[in-house]
Amino acid sequence: MAPSLLLFAVVAQGYETFQIQCTSPSTTANFVSSADKRGTMDILFSCLFTIIACTWTVQHLNVPEQREGRDPGWLGDIKWASKRAWTSTKWMLLTVLAPELLLALSLADIRAVDSTIAKFRKFAAEDGVPWTRVHSHFANMGGFAFRVGGDTTEPNDAPSVSYSNPYHLVASDILALREAGLLKKLPSISQEEISDKSKSDGLIRAITVVQIIWMMVQIIVRASRNLTISQLEISVLAFASCAIFLYGLNWEKPKGVQVPCAIMTYQGEIPRSFLPILKKSKPLAPPLVNPIWVGVKLKDNQQGGPIRNNVSHFDAFFSTSSDFWGLLIGSVIFGAIHLAAWNFMFPTSIERMIWRITSIFCTSGFFVLMSCAIILSVLEDFEILTFSTGGFIAVLSMLFCFGYILARLFMIVETFRTLFFLPPSAYIATWASNVPHIT
């Protein structure tokens with residue numbers, strides 16, 4: 001990536017290189033301090049590592065599609081490993097483009113747990129099984145499933161119906177079956193067993209947190225000494241802030257679960273009485289992201305497939321509300337930090353002006369959009385407007401999304417472009433550079 005960025009700088013404008021010269025001690029020394037300088041590549045790689053670490057470690061994706069013996073052999077191993085890696089990579093890239101989207105989804109997940117946890121705890125007390133918020137998150141990830149095949153544990157009275165095997169359940173499915181008496185008791189699995197299935201690497205997350213803290217300390221020290229801070233470092237600070245919020249929101253949510261826990265196995269088919277209830281128990285909220293790009297492609301009308309990562313499986317009204325609030329909070333956090341580069345040095349005055357406009361747009365855009373939607377809806381309710389506002393709001397939302405994507409793309413490109421046009425004080429290192437970090 002570094003050579004391509006350097007090539008971009010060459011094409012954009014003529015450039016000059018400077019080789020930092022440091023003298024070595026002429027005799028044996030007991031201690032040699034580090035140079036008080038830093039280079040372009042030092043800034044670039046420390047920032048890139050922090051961004052990648054932030055956007056990768058905050059992912060808490062749902063249980064993926066199961067292989068179930070398909071594509072045997074080493075080619076199949078590569079295919080399925082690549083498929084899961086691509087899903088994670090897509091979401092990492094999406095987080096780079098719009099980290100506030102992950103904030104919205106995480107907030108919706110918490111609201112989903114809040115909406116059912118009281119009922120689950122009531123049934124758990126009756127059934128004598130443990131049930132915590134971790135269990136609800138695990139369920140909404142598709143962590144519980146029915147399987148077809150093997151020894152039967154319940155009578156089979158169902159005709160042939162097209163559904164996924166395993167049949168992934170969400171919390172609303174389990175609750176509906178338990179309320180209908182079709183599920184005799186809630187799944188009996190301890191929180192420790194769920195944690196054992198989680199692939200959250202404490203060491204990797206600790207390294208990421210240390211890198212985030214180091215980056216924040218470095219920026220504060222440079223600001224206190226009136227040393228130039230690059231736009232890329234400001235952007236990293238925005239990603240780091242979002243990552244900290246996401247760590248908090250997803251604290252109870254398992255991470256990296258690859259295989260669901262089968263709570264029932266049926267010989268032949270799932271009982272007929274289960275399917276209508278399972279089909280009715282999923283009032284899906286509209287996806288925040290195009291399911292073709294980040295979702296799971298399923299057969300038409302197939303029930304029980306893997307849970308999509310871009311929708312919330314609970315009441316659509318609360319999901320939509322959480323999505324909007326999450327997007328609003330995320331955009332304010334992410335966009336406002338970029339406003340700190342308001343008076344930074346840019347290659348041209350036009351680029352500085354565009355940076356200011358895009359930063360303001362990304363910070364306040366969702367608030368303005370929500371305000372317009374609320375005002376138009378109120379005017380329609382009071383019959384002040386004679387036309388339906390639904391279509392107008394939809395068009396306004398599409399235009400906003402298009403403009404937001406363009407603004408974010410400009411900011412991403414500009415953060416790297418300005419790295420090649422920094423003033424001399426940007427290359428003066430501080431004592432924070434001597435603190436252990438990854439560069």
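Helix α9 contributes the most to the lining of the second largest cavity in this predicted model, with four residues. A cavity is defined on a 1 Å grid over the protein atoms alone, as a set of points where a 1.4 Å probe fits but cannot get out, and lining residues have an atom within 4 Å of a point. Rolling a probe the size of a water molecule over the atoms shows where empty space is left. The lining consists of Cys-54, Thr-55, Thr-95, Pro-99, Phe-239, Cys-242, Ala-243 and Leu-246. Two elements, α2 (40–57) and α9 (231–249), each give two or more residues to this lining. Six of the lining residues are nonpolar, two are polar and none is charged; here Ala, Val, Leu, Ile, Met, Phe, Trp, Tyr, Cys and Pro count as nonpolar, Asp, Glu, Lys and Arg as charged, and the others, Gly among them, as polar.

Residues are numbered from 1 along each chain as its sequence is written. Because the model is predicted, local features need pLDDT of at least 70 and side-chain atom pairs count only at pLDDT 80 or more, while totals for chains, interfaces and linings use all residues; side-chain values use heavy atoms, with hydrogens and water left out.

The protein has 14 helices and three strands, which are DSSP runs numbered from the N terminus (helices H or I, at least four residues; strands E, at least two). Of the 439 residues, 45% are buried. Buried means under 20% relative accessible area, exposed over 50%, and partly exposed in between (1.4 Å probe, protein chains only).

Helix α5 (residues 133–140) is largely enclosed by the rest of the structure, because eight of its eight residues are buried. These are Arg-133, Val-134, His-135, Ser-136, His-137, Phe-138, Ala-139 and Asn-140. The cover over them includes α4, β1, β2 (167–169), α6, α7 (191–197) and β3 (261–266), where contact means heavy atoms within 4.5 Å. Among contacts in the protein between residues at least 6 apart in sequence, 83% join residues at least 24 apart.

Side chains of opposite charge can pair when their charged atoms come close. A salt bridge is counted where a side-chain nitrogen of Lys or Arg lies within 4 Å of a carboxyl oxygen of Asp or Glu, and this rule gives 14 salt bridges. One of them joins Glu-233 and Arg-38 (2.8 Å, N to O). Glu-233 belongs to helix α9 and Arg-38 to the loop between α1 (2–12) and α2, so the pair ties together parts 195 residues apart in sequence. Glu-233 is buried, with a relative accessible area of 1%, and Arg-38 is buried at 6%.

Another salt bridge is formed by Arg-147 and Glu-68 (2.9 Å, N to O). Arg-147 lies in strand β1 (residues 144–148) and Glu-68 in the loop between α2 and α3 (74–97), so parts 79 residues apart in sequence are tied together. Glu-68 is partly exposed, with a relative accessible area of 38%.

Methods. On a 1 Å grid over the protein atoms alone, a cavity is a set of points where a 1.4 Å probe fits but cannot get out, and a pocket is an open set with protein on both sides within 12 Å along at least five of seven lines; lining residues have an atom within 4 Å of a point.
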